[in-house]
Structures are given as structure tokens and as C-alpha cells.
Amino acid sequence: MAESAHPRELIVDVLLELQEHYGYVNDEAMSLACDLFDMTPLEIDELATFYDFIYREPVGKHVIHVCDSAICWMNGYESVLNLLSARLGIKYGETTPDGLFTLLPACCIGYCDRSPAMMVNRKVYGSLTPEKVDRILERCRNGGRPEESDETER
Amino acid sequence: MSDMVDQVLFRNRKPDRIATLEEYRAGGGYEAFARVLRENAPREVPKIIDASGLRGRGGAGFPCARKWMAVPEGGPFPRYVAVNSDEMEPGTFKDRVLIHADPHSILEGMAIAAFAISAEKGYIFVRPSYENAARILEREAERARDAGFLGKNILGSGFSFDIIVHRSGGRYICGEASALLKALMGKRPNPVKAPPFPTDKGLWERPTLVNNVETLANVPHIIRNGPDWFKGLARTPTGSGTKLYCVSGRVNRPGCFELPMGTPLSEIIEQHAGGLPEGRRFKACLPGGASTRFMTAEHYDIEMDFDSLASVGHRLGTAAIMVFDDRTCLVGVTLNLIEFFARESCGWCTPCREGIPYVRDLLWRIEHGEGREEHIPQLREMSRHLWNAYCAFAPGAASPVESLLTFFEDEVREHISQKKCPFGGR
Ligand SMILES: Cc1cc2nc3c(=O)[nH]c(=O)nc-3n(C[C@H](O)[C@H](O)[C@H](O)COP(=O)(O)O)c2cc1C
Ligand code: SF4
Ligand code: FES
């Protein structure tokens, strides 16, 4: 930060870092950010609440964002969502009691060529089938490395 | 298949990995940058780009060189280049594929643009779901720096330029140029109306270029091969270059294809995207992402370039072709798109903040069998109101709605008369 002529350009990075550390941007993270940037809590909150990937509420260890935009809608994102809901016992916006999973929607994540698609902790998984969804959940539960994401070029 | 066609932006595309700096250089990479540093005055570069006819690939199709030349020669320093890799327009994924194919073409394009306007710093603005792309760009920028193509006094020319990858917190409106600049500065990214234009007062009130990833990736190729070569790549007389078309929806092989600008829609769908599945018929497409109008089978053979589409009242947008077949409910599609726009509205102005949820509500009722005759004129009226909004977001949202009513009024009416979705909600 000291190197930057305009430290405020780093605020989203810092909020994401704090989120990484605390799990979400809690009040302690907020007050740290206020001190770092010399900004008021209101100013920080205005930013934090604007972005889809900055969480101001507690979230699970694995945050699943299911794409529900047009192409994934055509390709049956609803069955992916229903499967996840059934397996995890939660609805959109909820977190499992064990704190492992949170289920959230996402706007088109730019993988319409591998639809239906979702993100787990900022990694993208596409061409989802029930088996693949189960494999991904299994890996998350076992704390192992998640299965290869679909982010390389075909 | 695509390999029948000359590949420019995708010449180094391969399965599963990016082109390395060495591979990029083996094909002439960074020669264009080295040449302009050696032979050209900064102000000569936009002239070459102007002669090539390159138009912005981010959605609006604004002539690239005209934007570069708008940076005042006597304007203040430091100056900036901001690359728009937000790519949140539904249906669009070309920039992602391009970054994963040949990242150095983007870095070189940025460096040349920076030289042209005497900028010293470049930002690449990347959305959260493209974290992998952000990492690639960061790593490859480091390699370019090690090879002497970025940093201080590049190739002994006295010109210095460096690149920073900026991660977005994720919000569609950040792709709008003025909102993008505010996001980069750590401010709340509500759009601001020009003037002043970013080329006069952009980042920190200094002249700033905002260009799309694909736009800039064309620049090194134009410099190396000449503007006439670039013009000659297009299939249409007023078009130029190639275009990355993303095809998704009801086709057998969705994907991103590099084809001559102006390739007919039917050819893109059938020869490259594998056509529609057996037994399905093309009903309509959105030719350039969610913010464009539904285009019917009447234009199935249209040449996909800026001017051809404009001449029939459509927009090329991001050239993200979303294909819908005869069994897909377009009321359902439009409702889905409007839900996207309702969620992503930045909330700054009333027509958009209040109007889009209202449109969503009307469409929801129609799709779910609760529609009434009077909802049709109400929808028309509301989508007209969206044009009074503060930025181009809301008119974009109005496009699918207005065109649904213009071209598929019968389909909408069927929902109302049958009191249900005739397609069973699909
Ligand atoms: C709501 C909205 C979203 C946009 N999103 C993007 C985007 O994700 N990527 C992009 O390049 N341009 C986007 N644009 C267009 C930019 O405002 C701008 O015109 C473009 O980045 C300029 O680059 P170009 O001239 O090279 O096309 C968007 C515009 C609007 C109104
Ligand atoms: S039109 Fe929508 S996105 Fe644009 S300023 Fe108004 S509220 Fe924000
Ligand atoms: S619509 Fe789901 S990835 Fe684009």
C-alpha cells in the first residue's frame, strides 16, 4: 500500500483479503479497513455492500454461487439448484448448520459454453451433471482439493 | 470448423494452455511494439489504427482511433490505460477465451495504446469469476517485464509503462466505462455522465483510455501487418478485421469462434456452432448479449457486423449470439434477463431502480398465467420509460422487452389467453 500513489484503489483487494481471513467482512474487518484507508464505516459499507463477492454476513467455508442467467436457465440450472438444496438441506441465501456451505445465486459467470455452471469459492465448474455436483460436494466435505475446475481453455 | 478460416487473435490458441511469451514472440509478438518505439512518434500510431477501421469490441463499436486521438496532446500527466475485462454481459465469454489463448497480445496492445497517448500505467479490470484469467495476466505481465517489454525505459526508448491487474468485487455495472473508472479508484461505482470524457478527465482526473480486451488485442496485429490487411480480413465492405463470436443456447457446439467480421449468422450457427439439435428450429437470437434486441429468423442470413445489423435496427453488441429454438419460451427468457437487470441495477436513478422491477413483475404474471390484456401496453410504456434513465444500462434492459413485444406479441398473448405458459415454463 505504501507504494501506491492512490491507496484507495486497493480497497477491494483489502476487503477480499480481510474476508479471506475472517470468513466474511465482519465489524472487526470493517474497523481495520477504516483505519487503513482513513475512511468512515459508512464509506466502507457503501462499497462492501455494492459488490456481489464481498460478504457482509457470515458465510460457510465453501460458498457456492449457482449461475441462474439465461443460458444456464435454458440448460436447467434449476435442477442443479434443487440437487444442491436437497443434498445440503438449505435454500438460496442460507448456510448449513455445520458452517460448511452457503448457497447463493450468481449472474452469468461467463462460462455459457459450459453451461450449466457454478462457482465454489471463486473457482468455476461447468457442464454440470448430478454426478459432477456430487463429486464436487464430496471433495469439499473431505477437505481435499476440489476437483479440477473448468477454467482452462479447451 | 474454425480452422478453415485465418486465425489472428486465436492463432496461438491451443487446448488446455496459454501461449507462452516465447511462442508469442516466435510468431512476431512484441515486434509491433518494438517498431513503434523505434520508428514512430506517439501521435502517428492512432493514424495507423484509424486507417484500419478498428471499432471497439466492448459493445458500442466506437472507432478505436478516434478515442485515442481525443486524448489532448497538451493534457496533464500521468495518463492511464484501463482495459475492460469485466465481461459480465450475459452470453459473453470471448475475453475469457482470448486471455486463456494469447495473453501477450493484450499486454502488447496495451503497451502500444499507452505509447500512443503517453500513458505510464495500465490497469486490467477483471471480474471475480475470471480469477484464473487475472492470475494468468499477472504472471505473464511479470514475464514481459523480465523480458524488458514493460517497466522503465523499455528497450532503451525512454518510454516507461507498467501494468496492474485489478480484481473487481463483482457487479455488472462496473463494465460501464465511467463506473469502471470509479471502481478502479475505490469509489462506489455508480456511472457518471460525460462530459468530461475519460480521455480528458478519467482516473484521478487524468486522461484515461478505456478499451475492451479484444479491441486492444487487435492492435499489435494491425501495426505488424498494416491497416489494409486488417480491412481485408472482413467479409463486408465497411467492416474490418475478424470478430470473436460467442455462440450459446440451443446449438450443438457452443463456443467462441474467430471469424471474419461480417460472417453470416446462419454460417456461424451451422458451420461453427454445429447447428441446432435435431428436430429444433431457429426461432430467434440475441445477436450481441442480453442488452440487444431479439432478432428473428427473417435475418437468419444477415452478415454479422456493426453496419449490417444497424441497417435493420439491431446491434452487434458483444457479438454474443444466444440462440433460441421453437420450443423455448421467449417470455421466460425475457423474464430471466429482466431478473438479471433488476438484480444488477446500481440503484442510482429512479426509472431504472423502480422501472425494471415493475417490468419484471408484469412479465412474471404473464409467464405464470396471471397476465391480462392491459399488461401489454403497460410493458410497452415501461420499456419506453427506461430510455429516460441515467446510463445505457436501462435502455439495454429495455431491448429484449421491447423486441419481445414487437416480434413475438402473439406468443405473449397466448400466455394471457391460455392463462399459462404454452411451453410449460421452458
Ligand atoms: C451496463 C454496461 C456494461 C458494460 N460492460 C462492458 C464490459 O463488460 N466490457 C466491455 O468491454 N465494455 C462494457 N461496456 C461498454 C463500455 O462502457 C465501453 O464502451 C467499452 O469498454 C469501451 O471499449 P471499446 O471502445 O474498446 O469497445 C458496458 C457498457 C454498459 C452500459
Ligand atoms: S440506469 Fe440503472 S445502472 Fe444506470 S445509473 Fe440508473 S440505476 Fe444505475
Ligand atoms: S448464463 Fe450461466 S454461465 Fe452464462
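Into which domains is chain A divided? In this predicted model, chain A comprises domain 1, which spans residues 7-48, and domain 2, which spans residues 62-141. The C-alpha centres of domain 1 of chain A and domain 2 of chain A are placed 27 Å apart.

Rolling a probe the size of a water molecule over the atoms shows where empty space is left. The count comes to three cavities of 30 Å³ or more. The largest cavity holds about 80 Å³ of space, and the space in question is that taken by ligand 2. Its lining is formed by Pro191(B), by the run Ser345(B), Cys346(B), Gly347(B), Trp348(B) and Cys349(B), by Cys352(B), and by Ala389(B), Tyr390(B), Cys391(B), Phe393(B) and Ala394(B). By class, this lining of the largest cavity consists of ten nonpolar and two polar residues, with no charged residue among them.

In the lining of the second largest cavity, two residues are nonpolar, four are polar and four are charged, whereas the lining of the largest cavity has no charged residue.

Ligand 1 is surrounded by 17 residues, and the closest of these are Gly58(B), Glu87(B), Asn211(B), Asn212(B) and Thr215(B). Contacts to oxygen atoms of ligand 1 involve both backbone and side-chain atoms of chain B: a backbone N or O atom of Gly58(B) is found 2.7 Å from an oxygen atom of ligand 1, a backbone N or O atom of Ala177(B) is found 3.0 Å from an oxygen atom of ligand 1, and Thr215(B) places a polar side-chain atom 2.7 Å from an oxygen atom of ligand 1. Of the 610 Å² of accessible area that ligand 1 has on its own, the protein covers 88%.

Conventions: Residues are numbered from 1 along each chain as its sequence is written. Chains are lettered from A and ligands numbered from 1 in the order in which they are written. This is a predicted model: local features need pLDDT of at least 70, side-chain atom pairs count only at pLDDT 80 or more; totals for chains, interfaces and linings use all residues. Side-chain values use heavy atoms; hydrogens and water are left out. On a 1 Å grid over the protein atoms alone, a cavity is a set of points where a 1.4 Å probe fits but cannot get out, and a pocket is an open set with protein on both sides within 12 Å along at least five of seven lines; lining residues have an atom within 4 Å of a point. A molecule sits in a cavity or pocket if more than half of its atoms lie within 2 Å of its grid points. Domain bounds come from an automatic or database domain assignment. Grid points are joined across faces, edges and corners, and a volume is the space filled by probe spheres set on the points. Ala, Val, Leu, Ile, Met, Phe, Trp, Tyr, Cys and Pro count as nonpolar, Asp, Glu, Lys and Arg as charged, and the others, Gly among them, as polar. A residue is near a molecule or strand if one of its heavy atoms lies within 4 Å of it. A polar contact is a pair of N or O atoms within 3.5 Å; within protein, one must be able to donate a hydrogen and the other to accept it, and residues adjacent in sequence count only if both atoms are side-chain atoms. Accessible areas come from the Shrake-Rupley method with a 1.4 Å probe; for residues, only the protein chains shown count as cover.
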